[in-house]
Amino acid sequence: MSTRKTESIDPKEKLVADLQRVIADAEELMQATAHQTEGKVAELRERINENLRAARHKLADAEDTIKEKTREVARATDDYVHEHPWRAIGTAAGVGLVIGLLIGRR
């Protein structure tokens with residue numbers, strides 16, 4: 001059942017979630033190595049910090065884009081339902097019937 005739920009998630013939303021996990025893991029790694037100030041380690045930590053800042057900005061942009069696209073789809077759906085109410089009701093009833101039949105088979 002969890003496979004179906006994962007499949008229904010938008011690939012962009014999954015990418016955002018994956019990036020958030022990567023950023024959180026990298027930040028945790030940065031905190032764990034904070035006491036190490038040797039040359040190479042310090043240089044690498046600074047590069048990672050810069051990359052994390054850039055990733056956070058890109059992630060925020062991606063989230064904004066996803067939110068805007070979601071709003072556009074919701075508006076388009078709302079407009080369609082207002083323009084074709086009986087067609088929308090018929091479609092919803094048909095989908096409900098099919099789902100009911102599928103659930104009833106179990």
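Which residues does Ile 66 touch, not counting residues up to four places away in sequence? I looked this up to open the notebook. Ile 66 touches Lys 12, Glu 13 and Val 16. I note that this is a predicted model.

**Entry: helix H2**

I turned to helix H2, which covers residues 11-32. I found 22 residues in H2. From its first C-alpha to its last, H2 reaches 31 Å. That is close to the 32 Å expected at 1.5 Å a residue.

Next I asked which residues of H2 are buried. I listed Val 16, Ile 23, Ala 26 and Met 30. Seen down the axis of H2, these buried residues fall within an arc of 90°, so they line one face of the helix. On the other side of H2, I noted Pro 11 and Glu 28 as exposed.

I then checked what the buried residues of H2 pack against, and wrote down helix H3 (39-83).

**Entry: Asp 18**

I picked out Asp 18, which sits in helix H2. Is Asp 18 buried, exposed or partly exposed? Its relative accessibility is 25%. Buried means under 20% and exposed means over 50%, so Asp 18 counts as partly exposed.

I also looked up how far Asp 18 lies from Ile 103. The two are 85 residues apart along the chain. Their C-alpha atoms are separated by 33 Å.

**Entry: helix H3**

I counted 45 residues in H3. H3 reaches 66 Å from first C-alpha to last, close to the 66 Å expected at 1.5 Å a residue. Its buried residues are Arg 45, Leu 52, Leu 59 and Ile 66. I saw that they pack against H2.

**Entry: the nonpolar core**

I went looking for the largest nonpolar core and found seven residues. They are Val 16, Ile 23, Ala 26, Met 30, Leu 52, Leu 59 and Ile 66. H2 and H3 each supply at least two residues of this core. The largest share, four residues, comes from H2.

**Entry: H3 and H4**

My last stop was helix H4, residues 85-105. How do the axes of H3 and H4 cross? They come within 5 Å and cross at roughly 110°. That makes H3 roughly perpendicular to H4.

I wrote down the residues that meet here. From H3 they are Tyr 80, Val 81, His 82 and Glu 83. From H4 they are Pro 85, Arg 87 and Ala 88.

Technical notes
Residues numbered from 1 in each chain as written. Predicted model: local features only at pLDDT ≥ 70, side-chain atom pairs only at ≥ 80, totals over all residues. Heavy atoms only, no water. Expected span 1.5 Å × (residues − 1). Buried < 20%, exposed > 50% of the residue type's maximum accessible area, 1.4 Å probe, protein only. Arc of directions from axis to C-beta. Contact = heavy atoms within 4.5 Å. Core = buried A, V, L, I, M, F, W, Y, C linked by side-chain atoms within 4.5 Å. Axes fitted to C-alpha atoms, helices over the stretch in contact; angles between N-to-C directions. Parallel < 35°, antiparallel > 145°, perpendicular 65-115°, else oblique.
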